[in-house]
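Visitor: I would like to walk through this structure and ask what stands behind each label.

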Amino acid sequence: MCVTGVLTLSNLCELKNTVNIISHDHNSVKLRNINSFQSDDDVIDDDAIAKRSQDERRRFVSDNETKKEDKFIVKYKGRIYDIRAFLNNHPGGRKTLSSYKEKNLDRVLKEYPHSDAALHLFNEYALDNKIKYDEVESLIDWNTPLLSQVGELSDRYWQWVNLPVNRPIRLFRSDILEFLTITPWYLIPIVWIPICAYFLYTGFSLSITRQFPKGLLAFAGGVLLWTFEEYLLHRKLFHFRPPGNSKILITLHFLLHGLHHKAPFDGQRLVFPPVAGVIIAVGIWNLYISIFPDFVANFISAGTVAGYLCYDLTHYYLHYGKPNAETYFYDLKRYHNYHHFSHHDKGFGISNKIWDYVFNTSIRLQQLAKPIEW
């Protein structure tokens with residue numbers, strides 16, 4: 001028994017030592033496990049907190065500076081404007097405004113007075129107090145198609161349509177009809193060059209050799225004739241002022257040309273839709289063949305189509321091109337900008353000014369101290 005007791009005590013001592021060892025090993029393993037989940041980055045001390053705080057502050061400042069750089073703030077008559085989205089569309093050129101960031105425009109706009117149309121467009125970029133602007137633009141619901149609404153403007157339509165905005169326009173609820181009103185510029189040569197070639201081919205086929213010079217003369221006459229048609233259509237049809245009590249005529253005017261004056265920066269509606277163009281062309285063709293011999297009518301039609309092609313592509317370029325000073329298109333671009341923003345009742349020539357001079361509707365351009373850079 002005594003021997004058994006000694007052995008038992010000895011066994012207990014060994015067991016105690018074993019437990020201590022296991023406990024020690026367990027704590028070591030536990031500590032190692034904890035350390036294994038704690039990387040160097042997870043060890044947070046005062047220096048790390050300070051460093052992280054500085055990094056976050058740098059990022060915060062950087063983000064704010066980026067947001068600030070995204071804005072182009074100017075002030076006018078106590079109001080604040082962000083004109084970043086307008087810089088590339090400014091008729092006086094982007095560089096004209098580039099030096100006015102964070103500055104007051106009171107003096108310069110007094111020195112160079114702007115039209116009501118130009119100031120209305122400018123007010124679109126005001127960050128506060130847009131009451132006068134909103135009074136005009138709230139006449140319609142910009143979130144729904146416009147074509148069904150403009151007729152309701154009645155006597156207020158003419159003022160509204162000649163106060164431009166820089167925003168997208170939707171005319172129809174139908175996607176198909178809307179698609180037909182949107183025309184990328186490159187579609188014009190794709191559609192009309194083959195038509196021009198067809199008229200030339202037909203004219204050559206109908207003429208005999210000695211009539212060829214007469215055909216070339218007819219072609220040149222067709223180009224000249226188009227310049228007059230361009231002027232006549234623009235002045236008498238596109239700028240016809242519909243009576244306030246005619247919803248149909250107001251709607252037709254807006255569809256034909258009013259939408260372009262309301263949203264002059266809509267690049268998808270700067271050229272004439274081919275469907276509407278073909279309808280007008282058919283009418284002009286019927287007029288030609290009723291007046292001229294067949295081969296002459298074809299050559300004149302080819303010249304007219306060539307003139308129209310130059311007109312529509314010129315119109316697009318005058319809005320988005322950047323012609324150099326003292327060039328033909330530089331002068332035309334300034335001239336067309338005056339038509340849009342200052343003189344809606346003058347400057348009807350787009351590709352030329354010939355008929356504006358003939359009918360006394362030309363615009364006198366202001367002399368500039370230095371040329372515009374677009």
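This is a predicted model: local features need pLDDT of at least 70, side-chain atom pairs count only at pLDDT 80 or more; totals for chains, interfaces and linings use all residues.

Visitor: Why is the pair Glu373 and Lys95 called a salt bridge?

Guide: The term needs a side-chain nitrogen of Lys or Arg within 4 Å of a carboxyl oxygen of Asp or Glu. The closest N and O atoms of Glu373 and Lys95 are 3.0 Å apart, so the pair is a salt bridge. The pair links distant parts of the chain. Glu373 lies in the segment after helix 15 (354–358), Lys95 in helix 3 (residues 94–98), and 278 residues separate them. Helices here are DSSP runs (H or I, at least four residues), numbered from the N terminus.

Visitor: How many salt bridges does a search of the whole structure find?

Guide: Eight.

Visitor: What makes Lys95 exposed but Glu373 partly exposed?

Guide: Buried means under 20% relative accessible area, exposed over 50%, and partly exposed in between (1.4 Å probe, protein chains only). Lys95 has 55%, so Lys95 is exposed. Glu373 has 47%, so Glu373 is partly exposed.

Visitor: Are Arg269 and Glu178 buried or exposed, and how do you know?

Guide: Arg269 is buried, because its relative accessible area is 9%. Glu178 is buried, because its value is 5%. The two form a salt bridge, with the closest N and O atoms 2.5 Å apart. Arg269 sits in the loop between helix 11 (247–262) and helix 12, and Glu178 in helix 8, 91 residues apart. Glu178, Asp266 and Arg269 are linked in a network of salt bridges.

Visitor: Why can such side chains pair at all?

Guide: Side chains of opposite charge can pair when their charged atoms come close.

Visitor: What makes His234 and His339 a polar contact?

Guide: A polar contact is a pair of N or O atoms within 3.5 Å; within protein, one must be able to donate a hydrogen and the other to accept it, and residues adjacent in sequence count only if both atoms are side-chain atoms. The side chains of His234 and His339 are joined at 3.3 Å, so the label holds. His234 is found in helix 10 (residues 212–238). His234 has 4% relative accessibility and so counts as buried. Leaving out residues up to four places away in sequence, His234 touches residues including His239, His257 and Phe348. Contact means heavy atoms within 4.5 Å.

Visitor: Which residues have the most contacts inside the largest nonpolar core, and what makes a set a core?

Guide: A nonpolar core is a set of buried Ala, Val, Leu, Ile, Met, Phe, Trp, Tyr and Cys residues joined through side-chain atoms within 4.5 Å. The largest has 20 residues, and Trp142, Tyr157, Trp160, Ile169 and Phe254 have the most contacts inside it. Helix 6 (131–137), helix 7 (157–161) and helix 11 each supply at least two residues of this core. Helix 7 gives the most, with four.

Visitor: Why is there also a nonpolar patch on the surface?

Guide: Patch residues have over 30% relative accessible area and no salt bridge; nonpolar side chains (Val, Leu, Ile, Met, Phe, Trp, Tyr) are joined within 5 Å, like charges within 9 Å. Ile176, Leu177, Phe179, Leu180, Val275 and Ile279 form this one, with about 650 Å² of accessible area together. Areas come from the Shrake-Rupley method. Helix 8 (175–180) and helix 12 (274–291) each give two or more residues, and helix 8 gives the most, with four. Leu177, in helix 8, has 41% relative accessibility and so counts as partly exposed.

How values were computed
Residues are numbered from 1 along each chain as its sequence is written. Side-chain values use heavy atoms; hydrogens and water are left out. Accessible areas come from the Shrake-Rupley method with a 1.4 Å probe; for residues, only the protein chains shown count as cover.
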